[in-house]
Structure formats: C-alpha cells, structure tokens
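Thanks for coming. Please have a look at it first.

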Amino acid sequence: MAESKRRKSSHDSPGHSGAESTVVHGRELPCNVDAEEGLLGAIILDGGKEVMTICMEAKLEPQVFYKPSHQIIFKIICEFYNAGSIFDEVLLIDRLKSRTVDTLPERKYDPEGQRSLLEFVGGDAAVSRLSNRIETLAFARHWLEIIKEKYMLRRLITTAGSVMDRCFTQQDKLDNFIEQVEQELFAISQDRVSDSAKSVKTAVEGAEQLIQKLLQSKGELSGVPSGFKDLDALTFGFQQGDMVVLAARPSMGKTAFALNLAESAIMPRGRENKTHRTLMYSLEMSAESLAMRMLCSRARVDSEKVRGGWINADEGRQIVQAARELKSSPFLIDDSSNLSILELRAKARRLAAKEPLGLIIIDYLQLISPIDSRVPREQQVAEISRGIKAMAKELKCPVIVLAQLNRESEKEKRSPRMSDLRESGSIEQDADLVMMLYSKKDRDKEQEVVSKGAEVRQLMIAKQRNGPVGEVTLTFIKDHSRFESYVEQKL
C-alpha cells in the first residue's frame, strides 16, 4: 500500500492556523473550508442564537471542523452558548485573547503552548474576516450539512486506510477481524442518527411513577391548571411535553383567554401553594399592553374606564392589589417581534437552564418568522409546528400556541373543525390538544345573553391525544377581557 504523505494545505496561510493536512494516495482529505468559514461567520453574526441552536440540534462537535483554528473558535463559541451568554466579535476576540493554547488539547499544534488562542487562530483580522464574510444567515443549515458530510468522509477514509493496513498484517481469525471492521464502520454510522431509543424498563418505571402519583392525588390535576373547572375535568390540566393549540377567528378573545390561563398558572394554588413559572411570547402586542390587560382582568375593572381615567377609589385599590400580586408572580413576557422558531427555542432553553419553566404561551403561530422564506408557506408553518412540539418535549412543559382559523366556518355558518386551521394540516397532526374558541352567534337564531357586556363562548376540545373530546361553555366579559366558567355565573 502506498504510504500516506503529509504536506502543507493550500488553505493554510498567515492568519490561519498553519496546520498541516493529511494527503492520502496523493489526494487531500475531503474538506470545505469555505463552508466552515461561512458557518462560523453566521454564528458570530447571529451572536450565537438561532444558528447556534441549529448546530446544537445537529450535535455538532468541534472536531467536525477541518481546520484546527476553526475547531478552537467553535469550542470558545460553545462555552458562551453553554453558559447561556450571547456574544459578538469583540467578546469572542477578548475570550480568545485571554486563553493560551496549553488550556486546550490543541497544544499538539503548538508544543510550547505559550501563544494565546487569538494568536493561534490568526489574530483579530482572522476573526473579523469570518464575521464580515457573509451578509445573510439563510445558508447556515446548508453549510452545516456540507461540513458534516466532509467530516464523515474523512472518518471513512481514515478507517478504510487502517483496515487496509491490518488486512496485510492481521493474524486473528477472519470472522473476528470482520466483526471488528463492522464495529468501526457502525461507530461512524451511529453519529448520523440520534440515540433516542430507551429501554422499556426505563419507560415502564416512569409510567409506574406517574400512576403512583395519580393514585396519590386522588383526582387532583396532574398538569398545569387552566382555572376553568369544566376544562380541567376533561384535560386534568395541561401536561408536560404537550403541544396545545388554541385556535379562533380574530376578536374571539384568544389573547384574553391565554392570559387567563397564564394567570391561573402563576397564582398560588392548592394545598402546596404551587405556582408554575410561565413564559409568554407576544409577537403582536407589547409587554405593557399585556400587563394592562392582565391588571384589568385580575382586578375586574373596565379597561375603557382605566384608559379614560374614570375609575373610582375602590377600583383603584383593586388595581393596586392586582399589581402587587402580579409583580411577585413567576411570569415572564418576551415581546420581541420577527422571532423564528429556532430563536424561540433558544431563548426558552436559556431561561429553563436557569430555572425550569412550567408553561410556555406563544401568541401567535402565524406571526413566527420562517427559517427559510423561500419555501412555500405551508412548509414554513409545518416546520414551525414541529419545532413547537419539539420544544415542549425538550423542556418538559406544556406549550400553548395560539393560531388563526380560516373563514370557512363563518361562511358555512357551522362550528369550526380542525381542518379550518390556517395554512397547514401539520398543526393538527403535531398537537396533543386542540381547543377552538367560537361563538354561536350567526349560527343559531337564539344567541344566549348572560348579561350586559358578557357573551357566551364555546370552547371545543377538537382533539386530545390522551383524553376525551367535548365542549365547554364559557362566559366572556368583554369589559374586563376575562373569561369565567359559565356554570359559576349568577344569571
């Protein structure tokens, strides 16, 4: 077999690590330095948020990069990400400057280990060149796939070379030798798929613990309470890992209902005085507007009177009391606009790393920015829906996402169906629980009136993966932007 030779890579230059690359049979190992630079540039440009989340989901490791300098830069970026810190070019350069090569295994490229990592990767200019290399993040996922593909090919070549050498010298039984080769190839193939299968013993033990908990609770809620007796009777609360869709036409009270659900989660409840740390993404309204709604709803004060400054002393005291309660509650609001599902997941992951989240609410699905705006809208919404379900499973908390219904039910004067969910059938497929809020107005000739300023709303449980379906009747008090259990109203 021709002996492997080593030569200087054509990619190496001042400002790049100066590392040598292996050439096998006169051919350089597969690599794409341009893709590596593009991905690192995208990560730096993005501040380690959306693009880094893609890398973590793909389980990208530093050794996947071909150039040692790129491996080191990615390792430092991983340190920022794992600490839940955002960064920019300046912070990255400062971190590289403060570390020497002897702090990382890459000392083999610098035996004395005295240079800073910044010097090793080529100085400020090298890092700046990466961040200035691209103008868009749109191709980050494509670059990632190229880098992983080249890495797998390099591993196959290295393993194949080793197998060839051992074929000439092997003294063991042929069956044993072939088995060793199969194991080595399997180890490479294993990195291409996620190791998510678990023993049935683990699953059964978890199920036993859940059953024991349910038996001890004797009918108490096992999930996050909604605050509505009839709804909780059907769902036993919103469960960990569930994607819950709350769909309605505009002006039906989706946001008001979502805030009522949040209020129920964050306020002390039950014998244990338990609260659930809740995060709400508001892609449509500002945090101040949501807080205003919650205050008026909690205090049972007409929001129009508050805006006009016409409240009396008692109502003022009620608002002060509501404000005191909400200030001390575990409620987080993120009113950033133009967020993609990857950014939503990255932000939630950072918050959950500091303290577990009990509930996430997204208002609303159709306002989440697509990862790739070039693909058809239906595919965009499908990717967003899958991302929401994955977030619920990863963070082990229910995620309630608001969604729009199309006009078909109004045109045909009927109750809504899951097929009325706008833009994608994937939403109904991914969801564990689908709730549809609607009014019988314009469908039935006799519309029941509760009282002045209050209307009857129907909450249809159209799908529940682990429970029954049905309808819950609610009362919507418009002046307070608040829903109440219909059966509890004094008519």
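Helix α2, residues 50–57, packs against helix α3, residues 68–82, at an angle of about 100 degrees, and their axes are 12 Å apart. So α2 is roughly perpendicular to α3. Keep in mind that this is a predicted model.

Which residues of α2 and α3 meet? From α2 there are M52, T53, C55 and M56, and from α3 there are F74, I77, C78 and Y81. In this contact 7 residues are nonpolar, 1 is polar and none is charged.

Now the cysteines. How many disulfides does the structure hold? The count is 0. Take C78: the closest cysteine sulfur is that of C55, and it lies 8.1 Å from the sulfur of C78, too far for a bond. A disulfide would need the two sulfurs within 2.5 Å. C78 is buried, at a relative accessible area of 12%. C296 is buried as well, at 2%.

Last, the rings. There are 6 aromatic pairs in the structure. One of them is F139 with W143, a tilted pair with 6.2 Å centre to centre and 50 degrees between the planes. F139 is partly exposed, with 37% relative accessibility, whereas W143 is buried, with 15%.

Another pair is F476 with F483, which is stacked: the centres are 4.5 Å apart and the planes are 20 degrees apart. Are these two buried or exposed? F476 is buried at a relative accessible area of 7%, and F483 is buried at 2%. Both belong to one aromatic cluster, together with F228 and F257.

Notes:
Residues numbered from 1 in each chain as written. Predicted model: local features only at pLDDT ≥ 70, side-chain atom pairs only at ≥ 80, totals over all residues. Heavy atoms only, no water. Buried < 20%, exposed > 50% of the residue type's maximum accessible area, 1.4 Å probe, protein only. Axes fitted to C-alpha atoms, helices over the stretch in contact; angles between N-to-C directions. Helix = DSSP H or I, 4+ residues; strand = E, 2+ residues; numbered from the N terminus. Parallel < 35°, antiparallel > 145°, perpendicular 65-115°, else oblique. Contact = heavy atoms within 4.5 Å. Nonpolar A, V, L, I, M, F, W, Y, C, P; charged D, E, K, R; others polar. Phe/Tyr/Trp six-rings, centres within 6.5 Å; stacked < 30°, edge-to-face > 60°.
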